[in-house]
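Please read the points below with the sequence and the model open beside you. They are meant as a colleague's notes.

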Amino acid sequence: MEEKKLPFTGREKIRFNVPPFTGREYEYVRQAVENQKICGDGEFTKKASRWFEEKTGTAKCLMTTSCTHATELAAILADIKPGDEIIMPSYTFVSTANAFVLRGGVPVFVDIRPDTMNIDEKQIEAAITEKTKAIVPVHYAGVACEMDTIMDIAKRHNLLVIEDAAQGVMASYKGKALGSIGDYGCYSFHETKNYSMGEGGALLIRDREHVERAEIIREKGTDRSKYFRGQVDKYRWQEFGSSYLPSELNVAYLYAQLEMADQINEARLARWNEYYKLLTPLAQAGKIELPVVPEGCVHNAHMFYIKTADEHERQELINYLKERDILAVYHYVPLHSAPAGIKYGRFNGEDVYTTKESERLLRLPMYYGLTAEETAFVADQVKEFYGR
């Protein structure tokens with residue numbers, strides 16, 4: 001059920017994000033407590049895993065404590081070793097790179113496309129060396145990268161593809177769920193995501209042959225999962241691993257939202273479409289640029305952003321909206337310009353769009369429960385800023 005609100009008057013503060021909430025979360029967390037099974041892989045974790053496997057068509061979904069840990073798990077499964085190179089965009093969250101740097105890998109950043117803010121698939125092949133091990137496309141704002149081209153490059157060069165689909169739950173590319181196309185896919189259920197358990201994630205495994213090892217690494221390097229299924233009489237330490245299992249309490253909270261995933265998705269898309277319609281006149285006048293969703297991509301309204309003329313104008317608009325109790329924010333500082341990015345990685349080719357476009361992008365409030373009246377008010381304030 002959607003949160004009931006009093007009529008919007010324009011005097012209330014509009015937050016950038018409100019964690020999704022359906023009302024069933026309390027009941028399911030209580031059930032988990034009453035089941036007396038609040039550690040990992042309980043009833044709700046199994047339900048959530050099956051939900052994602054059925055939704056994405058992947059061989060296995062392993063729930064994790066975060067998307068960061070899902071990506072770390074993928075890096076271990078990819079056998080990343082010191083000196084191995086991993087191609088990725090610089091315009092992404094630090095976890096995309098950290099997961100591989102922790103294994104001694106070297107992030108090789110390439111430029112992004114200015115239309116989708118995704119990795120420019122045309123720049124990938126030039127970045128490949130004899131040390132390249134994997135490509136990590138990041139589906140920004142739930143809009144898919146050009147996966148046919150990326151998968152073709154990976155196949156020809158014998159590279160793994162690990163999808164950072166942190167923002168991509170319920171989005172697709174040519175009918176395929178984001179996260180299910182590459183060898184591995186990583187989801188996030190942070191409180192800022194479309195579906196949330198506060199902190200949490202999931203690893204999608206495309207091919208069944210990799211499932212057993214993934215289970216072992218996720219369970220501290222033991223075959224404990226097999227033991228609980230009755231496949232072995234006792235579990236033993238098989239190889240190195242760590243503890244990537246989320247609390248059953250967290251997944252119970254998430255599962256309440258998965259049951260209403262379509263409703264949440266439709267509500268977010270409605271707000272996204274309203275923003276787009278209301279702000280189109282500004283875009284047609286050349287004042288701003290609006291998001292682009294290429295043909296064949298079905299997005300999930302993870303965010304609604306606009307692009308201003310430059311960084312100075314963006315800050316002026318942020319301040320203008322803040323004075324009107326609207327919180328709008330920028331996003332990533334490109335990793336290759338950060339101290340750790342300089343230390344651990346390198347940029348291949350020319351930074352034509354990454355820095356320039358990142359300095360123009362501004363995210364408007366977007367969450368489940370945002371009303372049509374609030375969306376219209378935000379859009380009106382943006383239009384007033386440009387009409388001054």
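Predicted model: local features only at pLDDT ≥ 70, side-chain atom pairs only at ≥ 80, totals over all residues.

1. Residues are numbered from 1 along each chain as its sequence is written, and side-chain values use heavy atoms, with hydrogens and water left out.

2. The structure holds 30 salt bridges, a salt bridge being a side-chain nitrogen of Lys or Arg within 4 Å of a carboxyl oxygen of Asp or Glu. One of them joins the side chains of Lys60 and Glu215, at 4.0 Å from N to O. Lys60 lies in strand S1 (residues 60–64) and Glu215 in helix H6 (residues 211–218), so the pair ties together parts that are 155 residues apart in sequence; helices (H or I, at least four residues) and strands (E, at least two) are DSSP runs, numbered from the N terminus. Lys60 is partly exposed at a relative accessible area of 21%, whereas Glu215, at 8%, counts as buried. Here buried means under 20% relative accessible area, exposed over 50%, and partly exposed in between, with a 1.4 Å probe and protein chains only.

3. A salt bridge also links Asp183 with Arg206, their closest N and O atoms being 3.0 Å apart. Asp183 lies in the loop between strand S7 (176–177) and strand S8 (184–188), and Arg206 in the loop between strand S9 (201–205) and H6, so the pair ties together parts that are 23 residues apart in sequence. Of the two partners, Asp183 is buried, with a relative accessible area of 10%, and Arg206 is partly exposed, with 29%.

4. Which residues are linked with Arg113 in a network of salt bridges? The network consists of Arg113, Asp115, Glu121 and Lys122. Within it, Glu121 and Arg113 form a salt bridge whose closest N and O atoms are 3.2 Å apart, and both of these residues are buried.

5. Pro114 has its place in the loop between S3 and S4, and at 31% relative accessibility it counts as partly exposed. Leaving out residues up to four places away in sequence, Pro114 touches Lys307, Tyr353 and Glu357, where contact means heavy atoms within 4.5 Å. The C-alpha atoms of Pro114 and Glu357 are 6.6 Å apart in space, although the two residues are 243 residues apart in sequence.

6. Two residues deserve a look at their backbone angles. Most residues other than glycine have a negative phi. Met117, which is not a glycine, has a positive phi of about 70°; it lies in the loop between strand S3 (106–110) and strand S4 (132–135) and is buried, with a relative accessible area of 1%. Asn158 likewise has a positive phi, near 55°, but is found in the loop between helix H5 (147–157) and strand S5 (160–164) and is exposed, with a relative accessible area of 72%.

7. How do helices H10 and H13 cross? The axes of H10 (residues 311–323) and H13 (residues 372–386) come within 10 Å and cross at roughly 125°; axes are lines fitted to C-alpha atoms, for helices over the stretch in contact, and angles run from 0 to 180 degrees between N-to-C directions. H10 and H13 are therefore oblique to each other, since angles under 35 degrees count as roughly parallel, over 145 as roughly antiparallel, 65 to 115 as roughly perpendicular and the rest as oblique. On the H10 side the contact is made by Glu313, Glu316, Leu317, Tyr320 and Leu321, and on the H13 side by Gln381, Val382, Glu384, Phe385 and Tyr386.

8. Helix H3 (residues 67–77) and helix H4 (residues 94–101) pack at an angle of about 35°, with their axes 8 Å apart. Thr68, Thr71, Glu72 and Ala75 of H3 meet Ser95, Ala99 and Phe100 of H4.

9. Gly341 is found in helix H11 (residues 339–344) and is buried, with a relative accessible area of 10%. Apart from neighbours within four places in sequence, Gly341 is in contact with Phe109, Leu335, His336 and Arg346.
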